Amino acid sequence: MAAILYMLLGGVGGALRLAAGAAAGIALAYMTIVPLERADARKGYVQEDRAIAAEARLAEVQRQVHAGEIVIASYQEILKNARAKDAADDAQLAKDRKDFEAKLAAAGRSCGIDADDLDWLQH
């Protein structure tokens with residue numbers, strides 16, 4: 001069998017040509033198929049990396065939004081307390097003014113300031 005194959009190939013030169021052709025075919029396949037596989041693998045890695053980066057950006061934005069909501073809620077509480085204090089101060093001032101006017105009236109004195117003057121002073 002080997003003798004027939006040896007005779008069909010044309011001796012040692014034919015066997016060397018066959019071996020060189022097979023080696024060239026394997027080298028060509030390795031040089032074309034392996035880089036394509038590597039490129040496909042890189043594409044998948046890049047897409048996965050982009051997806052992971054997008055998820056990280058989304059998580060960071062959500063964290064910042066949540067932190068902003070907490071800050072806004074605390075400032076709204078501060079504003080509500082400040083407005084309540086201002087309303088209480090205004091009520092106390094109005095009460096003190098009425099008490100002072102009543103004290104002046106009881107003493108027989110009067111204040112020459114009317115409502116228009118008070119509006120002008122307050123604004």
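This is a short walk through a predicted model, from its overall outline down to a few residues.

Okay, some housekeeping. Residues are numbered from 1 along each chain as its sequence is written, and side-chain values use heavy atoms, with hydrogens and water left out. As the model is a prediction, local features need pLDDT of at least 70 and side-chain atom pairs count only at pLDDT 80 or more, while totals for chains, interfaces and linings use all residues.

Let's start with the outline. The protein has three helices and zero strands, where helices are DSSP runs of H or I with at least four residues, strands are runs of E with at least two, and numbering goes from the N terminus. So what is the radius of gyration of the protein? The protein comes out at 47 Å, whereas a compact globule of 123 residues would be near 14 Å. That radius is taken over C-alpha atoms, and the globule rule is 2.2 Å times the number of residues to the power 0.38. Along the principal axes, the C-alpha atoms fill a box of roughly 145 × 25 × 10 Å.

Here's a pair to look for on the screen: Gly-25 and Ile-113. They sit 88 residues apart in sequence and 111 Å apart in space, C-alpha to C-alpha. Gly-25 belongs to helix α2, which covers residues 11-106. Is Gly-25 buried, partly exposed or exposed? Partly exposed, because its relative accessibility is 36%; buried means under 20% relative accessible area, exposed over 50%, and partly exposed in between, with a 1.4 Å probe and protein chains only. Across the 123 residues of the protein, buried ones make up 2%.

Now the surface. Accessible areas come from the Shrake-Rupley method with a 1.4 Å probe, and for residues only the protein chains shown count as cover. The protein exposes about 10,800 Å², with carbon and sulfur atoms supplying 65% of that.

Two patches to point out. Like charges are joined within 9 Å, and nonpolar side chains (Val, Leu, Ile, Met, Phe, Trp, Tyr) within 5 Å.

The nonpolar one is Val-71, Tyr-75 and Ile-78, together about 320 Å² of accessible area. Ile-78 is in helix α2, and it counts as exposed because its relative accessibility is 51%.

The negative one is Asp-114, Asp-116, Asp-117 and Asp-119. Asp-119 lies in helix α3, residues 115-122, and at 42% relative accessibility it counts as partly exposed.

Definitions and conventions: Patches are made of residues with over 30% relative accessible area and no salt bridge: like charges are joined within 9 Å, nonpolar side chains (Val, Leu, Ile, Met, Phe, Trp, Tyr) within 5 Å. A salt bridge is a side-chain nitrogen of Lys or Arg within 4 Å of a carboxyl oxygen of Asp or Glu. Lys and Arg count as positive and Asp and Glu as negative; His and the chain ends are not counted. The place of a charge is taken as NZ of Lys, CZ of Arg, CG of Asp or CD of Glu.
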